[in-house]
Amino acid sequence: MAELQIVETSLRDGNQCLWGALGIDTAKTLTIAPVMERAGYRAIDFTTSTHMGVAVRYKQEDPWERIRAMAQICRNTPLQFLSTGFRFIAWETASPEFMELAFRTLAGNGIRRFALADPNNDAASNVEVAKLVKRAGGEQVVGALVFTLSPIHDDAHYAEAARIMAASPDIGSLYIKDPGGLLSAKRASTLIPAIMAEIGDKPLELHNHCTTGLAEPACLEAADLGVAAVQCASGGAADGTSNPPITRMIANLKAMGHSVDIDEEAAREVAEYFTALAEAEGLPMGRPMHFDAAYLRHQLPGGMVGTMRRHLADHGVPELESKVIDEMGRVREELGWPIVMTPFAQMLQTQAMLNVTGKERYGVIPDEIIRYALGRFGRPNVPIADEVMDRIMANPRTKELEAEPGMAELSDLRKRIGSNLSDEEFLLRATMPANLVDAMRKAGPAPREYDPSTVAVMNLMRDVLKRSDIDGIAIEKDEFKLELEA
């Protein structure tokens with residue numbers, strides 16, 4: 001039997017899946033950081049450029065400050081940044097020079113591990129990005145094999161992608177990234193050996209989601225097959241559409257005869273913290289999910305299923321749900337079988353909705369579908385169907401989007417935005433509206449401490465202070481009593 005490690009995902013993926021990336025701020029992060037460091041995780045799935053943008057836009061917090069402060073605490077546990085191709089914060093395709101600056105600045109602020117997940121599963125692109133990361137000072141690079149179900153995404157497809165990445169001296173390990181929770185134990189039993197046959201002594205990890213109830217059995221099968229680590233979340237940030245819960249995973253792995261290299265007491269404390277945080281803030285907590293075979297057809301993330309149903313209800317046609325799901329499969333095939341993950345999940349759903357509710361298929365084509373056809377999101381897995389590509393190229397909007405300028409040269413951006421700015425501020429201002437960065441800077445340093453046990457009392461006090469019809473207040477707890485009068 002094997003000894004496995006755990007990559008902790010609550011701060012990044014658990015927060016994103018269950019709380020829309022809005023549940024975590026700097027204080028909530030740093031409060032639990034010492035315990036996370038003590039747990040002995042293989043790594044902490046910490047942030048992405050999307051989460052950095054959320055910190056600025058919605059929290060008025062400096063994401064660089066958060067990275068530095070976390071890295072000062074987690075000196076032994078690598079913090080991971082997830083990169084999805086040639087982009088940083090904005091969806092605009094960035095130049096290699098710009099991405100290298102972003103990676104260098106991330107590494108300089110404390111990010112040690114970089115996970116590369118190309119939305120088109122383009123292994124060659126991951127190899128090129130890995131070169132930039134290592135040149136920029138990144139210590140560890142993990143290449144992602146993004147799992148999906150389609151006629152072209154067979155074991156041979158993933159074995160070939162693994163071979164290409166494993167041959168790179170810049171990629172030290174690989175992981176199967178299953179954003180849809182589609183990997184069954186049965187498929188894992190053929191997929192994992194096919195991948196491991198191509199990667200030699202480079203470690204393989206598994207990152208999957210509980211959306212369809214398949215994740216935990218797949219993790220246990222993966223452990224039997226020799227993966228080095230599984231990626232899981234903690235307490236209230238686990239289960240549901242998030243990752244498997246660490247405490248339950250440890251128990252199941254041990255019951256199967258494996259050992260887990262982790263401080264279990266610290267792992268339990270981390271789980272209790274994220275549960276208390278979710279309860280205090282009124283955030284949804286994940287729960288075990290039942291298997292839903294229909295999900296294998298549309299593969300939409302859980303939150304997007306609800307969005308689809310709401311849109312159909314708003315248009316008074318809820319009965320069209322099955323037609324939209326069927327149309328999504330057809331659109332996906334016509335567009336070259338893109339993986340149903342951001343941004344492709346939103347693009348497929350929108351086009352399917354328009355095709356079903358419109359006068360004709362592809363009568364209306366969103367800009368993002370046109371940009372995809374023009375190669376702005378990378379290379380499709382297989383060419384787009386000829387008749388669909390003809391419709392796209394004949395669309396008057398296509399010529400306008402073809403003429404869109406790409407991101408300016410780094411030197412030109414520096415001159416335009418401010419040559420005296422720090423790299424950290426420059427990267428934010430190059431990818432976000434100036435007023436949002438101004439508001440973040442005006443807000444000043446973020447709080448560093450958070451206590452979920454005080455949230456209910458503080459919220460009550462704020463509500464009381466807003467009222468003008470109260471001239472006294474009495475507080476009693478056990479033998480303590482406090483009375484205040486105006």
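Which residues does A55 touch, not counting residues up to four places away in sequence? I looked this up first, taking contact to mean heavy atoms within 4.5 Å, and found that A55 touches Q60, E61, P63 and R66.

**Before going on.** I noted that this is a predicted model, in which local features need pLDDT of at least 70 and side-chain atom pairs count only at pLDDT 80 or more, while totals for chains, interfaces and linings use all residues. Residues are numbered from 1 along each chain as its sequence is written, and side-chain values use heavy atoms, with hydrogens and water left out.

**Entry on A55.** I placed A55 in helix α3, residues 49–59, where helices (H or I, at least four residues) and strands (E, at least two) are DSSP runs numbered from the N terminus. A55 counts as buried because its relative accessibility is 2%; buried means under 20% relative accessible area, exposed over 50%, and partly exposed in between, with a 1.4 Å probe and protein chains only. I also looked up D45, which is 10 residues from A55 along the chain, and the C-alpha atoms of the two are separated by 16 Å.

**Entry on helix α2.** I asked myself what span the 14 residues of α2, residues 26–39, should have. At 1.5 Å a residue the answer is 20 Å, and the end C-alpha atoms are 20 Å apart, which agrees; the expected span is 1.5 Å times one less than the number of residues. I then found that α2 bends by about 45 degrees at A33, with a proline, P34, following within four residues. The bend at a residue is the angle between axes fitted to the seven residues ending there and the seven starting there.

At the start of α2, I saw that a side-chain oxygen of D25 reaches to within 3.3 Å of the backbone nitrogen of A27. Just after α2, G40 takes a positive phi of about 80 degrees.

How much of α2 is buried? The helix is mostly covered, with 11 of its 14 residues buried, and among them I listed T26, L30, A33 and M36. The elements that cover the buried residues of α2 include β1 (3–8), α1 (10–19), β2 (43–48), α4 (63–73) and α11 (264–281).

**Entry on cysteines.** I searched the whole structure for disulfides, meaning pairs of cysteine sulfur atoms within 2.5 Å, and the search finds 0 of them. C210 is in no disulfide, and the nearest cysteine sulfur, that of C219, is 7.8 Å away. C232 is likewise in no disulfide, and there the nearest cysteine sulfur, again that of C219, is 5.4 Å away. I noted that C210 is buried, with a relative accessible area of 4%, and that C232 counts as buried at 0% relative accessibility.

**Entry on S168.** Where does S168 lie? I found S168 in the loop between α7 (155–166) and β6 (173–178). S168 counts as buried because its relative accessibility is 4%, and S168 touches V127 and K202, not counting residues up to four places away in sequence.

**Entry on the whole chain.** I recorded that the chain has 22 helices and 11 strands. Its radius of gyration is 24 Å, close to the 23 Å that the globule rule gives for 486 residues, so the chain is as compact as a globular protein of that length; the radius is taken over C-alpha atoms, and the rule is 2.2 Å times the number of residues to the power 0.38. Of the 486 residues, 52% count as buried.

Note on methods
A polar contact is a pair of N or O atoms within 3.5 Å; within protein, one must be able to donate a hydrogen and the other to accept it, and residues adjacent in sequence count only if both atoms are side-chain atoms.
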